[in-house]
Amino acid sequence: MEAARLGSYLLVHLNKLKKNIDSLREHYPQQEILFMVKADGYGHGLVEIVKSSFQDMGVKEFGVATLGEAMTLRKHLPNIPVEIYVFSDLQFHQSDLAECYLENRLIPVLSHEQDLKIFLKEERFKHLPLCLKFNTGMNRLGFPYEKAEEVIALLKQHGRGEVDHLMSHFANASMPMDKNNRNIWQKERFKEVKEKFQKAGISLKATSLANSGALEQDECKDETHIRPGLMLFGPTSMAPQHLRKSWWQGVIISELKTTVLHTFDVEKGEPLGYGSIPAPEEGTVAIIAMGYGDGISTRYRGATLYHKGVAGRICARVCMDMTFVLFPKGTPISRGEEFTIWSGDPEKFGQLSHETETLPYELVIQLTTRVPRIYQLD
Ligand SMILES: Cc1ncc(COP(=O)(O)O)c(C=O)c1O
């Protein structure tokens, strides 16, 4: 069906994704991109994002969070020769599920001793890439950096002289890399871990540390890989007060569109919708065809949305399928018109995220399956 006839939909511009990837590559010409596409490609649609990134943009490595996401990718794209890393919910301790890694050519990012022991002990995993993640200060998953020697001893015990990919992950990449103590600390700890492996005679084929915030600050150029997620979809992940630290000028690759169902004028204080919440001002109300059933949270009340350059505010209680937007009285807006909740403008996207107290990561991810994702290449 034509996008414009669908009512509400997320239009994903794959050419803009390409633009973002090209721009990142210009800054990191030596590094391979390991594109993080967990949570359904940050809400944009896992399969389409991976397919296009590989076919049209030449990205060959992807990261997901769960074994289920990885299996979905292999099921829908059985013939594309990409590497898929599973980062957190590995299910590696369950023997039959661990077998899925072999059957589907998946790479477990090992970050726990129990999984590493299984991996090293069982002959069947011998030819799977060995990928290890260290905790250098994020304090979530990862081998503690203090235990690098123990991990090295374990590898040696099993005759391993090489690690295919050694990683760590920043906790505060949205903060300045040169000033934030935790960032400085993490960079130093990762360097130490790498040196310990090298001193022990274990070669490191690939290393990576940087996610979007670090990449926006031109960091980690001595690693072989970079691991961007959010930035490739357009938004910055820098904290607003540190924006000047970022060179990134990403384009938001999606546009969220819906329809105006009804418009009417209201006086200040007139009750609107569930709970009869008074209109905060006089104005023209537009009822748009998306609500919390689509992922427009009730917390969005008060946020600014624009129609043809005129600012309106979400008012009253967001309903399951509809939202009230209050514009200045007489704003030309009428039933049946298309309404854009966000488009390519990173500042307005950032404003929506800020006003709704929703991470830029969440805005797209929380759109429900009711919102079709439509892809456009040009
Ligand atoms: C281990 C790891 N690397 C990289 C990323 C990408 O992060 P970002 O979306 O901030 O670029 C993530 C995302 O959460 C992650 O968990």
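A nonpolar core is a set of buried Ala, Val, Leu, Ile, Met, Phe, Trp, Tyr and Cys residues joined through side-chain atoms within 4.5 Å, where buried means under 20% relative accessible area, exposed over 50% and partly exposed in between (1.4 Å probe, protein chains only). The views below come from a predicted model, in which local features need pLDDT of at least 70, side-chain atom pairs count only at pLDDT 80 or more, and totals for chains, interfaces and linings use all residues. Residues are numbered from 1 along each chain as its sequence is written, and side-chain values use heavy atoms, leaving out hydrogens and water.

**View 1. The largest nonpolar core.** Welcome to a set of 105 residues, in which Phe35, Leu116, Leu132, Phe197, Ile341 and Trp342 touch the most other members. Helix 7 (residues 148-157) supplies the largest share, 5 residues; helices (H or I, at least four residues) and strands (E, at least two) are DSSP runs, numbered from the N terminus. Domain 1 (14-245) and domain 2 (254-343 + 345-376) each give this core at least three residues, with bounds from an automatic or database domain assignment. Apart from this core lies another, of 11 residues, including Val285, Cys319, Phe324 and Leu326.

**View 2. Aromatic pairs.** The whole structure holds 15 aromatic pairs. Rings of Phe, Tyr and Trp (its six-membered ring) pair if their centres lie within 6.5 Å; planes under 30 degrees apart count as stacked, over 60 as edge-to-face and the rest as tilted. Phenylalanine 35 and phenylalanine 62 have ring centres 6.1 Å apart and planes at 40°, so this pair is tilted. The two residues are 27 apart in the chain, phenylalanine 35 in strand 2 (residues 32-36) and phenylalanine 62 in strand 3 (residues 61-66). Phenylalanine 35 is buried, at 0% relative accessible area, and phenylalanine 62 is buried at 0% as well. Look also for the tilted pair of phenylalanine 134 and phenylalanine 143, at 5.6 Å centre to centre and 50° between the planes. One aromatic cluster is formed by Phe35, Tyr42, Phe62, Phe233 and Tyr361.

**View 3. Where the domains meet.** Here 12 residues of domain 1 are in contact with 9 residues of domain 2 (contact means heavy atoms within 4.5 Å). Between them the domains bury about 1,000 Å², 66% of it on carbon and sulfur atoms; buried area is the accessible area (1.4 Å probe) that two parts lose on being put together, summed over both. On the domain 1 side, Tyr42, Gly43 and His44 lose the most area to domain 2, together 38% of what that side buries.
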